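Work through these exercises with the model open beside you. Try each task before reading its solution.

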Amino acid sequence: MIQVIEEHQALKECLDAYRKKGKTIGFVPTLGALHNGHASLITRAKKSSDIVVCSIFVNPTQFNESSDLAKYPRTFDADKKLLEEYACDVLFFPSVETVYPNGTDDRPDIDLKGLDQVMEGAFRPGHFDGVVQVVKRLLELVEPDHLMMGQKDFQQFTIIQYMIDYYKIPTELIVCPIKREPSGLAMSSRNTRLSKENRDKAVVIYRTLNYVKRRLKKHSVADTIDYAMKRMNIEDFKPEYFSIVDGNTLLAINSMDESDYVVACTAVWAGDIRLIDNKILKKSDSK
Ligand code: AMP
């Protein structure tokens with residue numbers, strides 16, 4: 001049986017008891033509405049840690065539109081069931097007050113060196129301030145040895161790694177591969193809100209990301225971005241950005257020779273649902 005814990009003190013007592021026995025803690029922070037992408041993080045956490053904690057917390061400070069926050073799917077019972085199936089040990093389900101005892105304006109003072117200004121940051125101002133704030137707090141509450149995050153949110157894990165290094169937090173970040181539907185569509189809690197038609201059509205995002213790697217062999221980065229934006233501009237869809245960036249700095253590159261770690265990242269509106277996806281185009285073995 002999974003332990004559901006809402007309060008910090010109870011969580012601390014529970015995890016300290018494990019720590020005393022020499023057990024390591026793996027942590028999977030989520031917004032809930034869990035799917036197989038989240039489950040893959042739990043599975044990965046079980047490989048590296050003795051005890052797995054998953055948090056479900058719809059963090060109000062990372063939503064720049066209150067309607068998005070209000071519409072975010074909340075499926076606690078199904079989430080708990082999934083976590084039990086995957087033998088997660090602890091479900092941490094805190095209130096806003098537990099996460100932010102000093103109020104939601106209590107934000108860490110960290111300069112993200114522009115990592116938060118591009119791509120998602122450019123279109124969702126303040127989003128990463130909220131993400132850094134909540135992950136820092138959750139790491140203080142859980143004190144895990146390992147933190148699992150998905151490559152699906154490329155910019156997010158890059159910023160969190162920066163934050164962990166900046167504050168010298170003794171937690172190892174493990175990045176897990178993107179879990180996809182059989183069609184190729186990246187799994188997301190938002191997919192449940194897509195119409196059947198748009199869900200089928202959304203495979204264009206994956207196909208475009210895949211084709212881009214081949215196209216870059218013969219075409220420039222600028223031409224490829226132009227191509228990708230046009231290809232995804234189908235009925236009821238609106239690509240917001242398609243960026244080809246250095247995987248460390250997240251800055252746009254002009255040519256593939258400029259970096260040995262290159263990633264293509266995109267955000268596309270499918271009706272009123274915003275989808276993101278990415279593909280690593282080049283990565284040297286040392287990274
Ligand atoms: P969320 O609940 O959307 O905040 O996601 C919680 C964690 O699950 C984040 O680290 C995400 O990157 C990760 N995640 C979300 N979707 C996927 C996916 N399709 N494959 C792998 N990880 C994912």
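Predicted model: local features only at pLDDT ≥ 70, side-chain atom pairs only at ≥ 80, totals over all residues.

**Exercise 1. Find the salt-bridge partners of Asp16 and say where they sit.**

Step 1. Start with Lys12. Asp16 forms a salt bridge with Lys12, and their closest N and O atoms are 3.1 Å apart.

Step 2. Move on to Arg19. Its side chain meets that of Asp16 in a salt bridge, at 3.3 Å from N to O. Both distances can be held against the cut-off for a salt bridge, which is within 4 Å.

Step 3. Place the residues. Asp16 and Lys12 are four residues apart in helix H1 (residues 8-20), so about one helical turn separates them. Arg19 and Asp16 are three residues apart in helix H1, again a separation of about one helical turn.

Step 4. Check accessibility. Asp16 is partly exposed at 29% relative accessibility. Lys12 is partly exposed at 30%. Arg19 counts as partly exposed at 26%.

**Exercise 2. Work out which parts of the chain the Arg180–Asp277 pair ties together.**

Step 1. Confirm the contact. The side chains of Arg180 and Asp277 meet in a salt bridge, 2.9 Å from N to O.

Step 2. Locate both ends. Arg180 lies in the loop between strand S6 (172-176) and helix H9 (196-201), while Asp277 is in strand S9 (residues 273-283), so the pair ties together parts that are 97 residues apart in sequence.

Step 3. Is each end buried or partly exposed? Arg180 has a relative accessible area of 23% and is partly exposed. Asp277, at 4%, is buried.

Step 4. Widen the view to shared partners. Salt bridges with shared partners join Lys12, Asp16, Arg19 and Glu143 into one network. The count for the model comes to 15 salt bridges.

**Exercise 3. Describe the setting of Asp111.**

Step 1. Where is Asp111 found? Asp111 is in the loop between helix H5 (96-99) and helix H6 (120-123).

Step 2. Check accessibility. Asp111 counts as partly exposed at 46% relative accessibility.

Step 3. What does the side chain of Asp111 reach? The side chain of Asp111 reaches the backbone nitrogen of Lys113 at 2.9 Å. The cut-off for a polar contact is within 3.5 Å.

Step 4. Take one more distance. Asp111 and Asp129 are 18 residues apart along the chain, and 9.9 Å separates their C-alpha atoms.

Conventions
Residues numbered from 1 in each chain as written. Heavy atoms only, no water. Helix = DSSP H or I, 4+ residues; strand = E, 2+ residues; numbered from the N terminus. Buried < 20%, exposed > 50% of the residue type's maximum accessible area, 1.4 Å probe, protein only. Polar contact = N/O pair within 3.5 Å; in protein donor to acceptor, adjacent residues only side chain to side chain.
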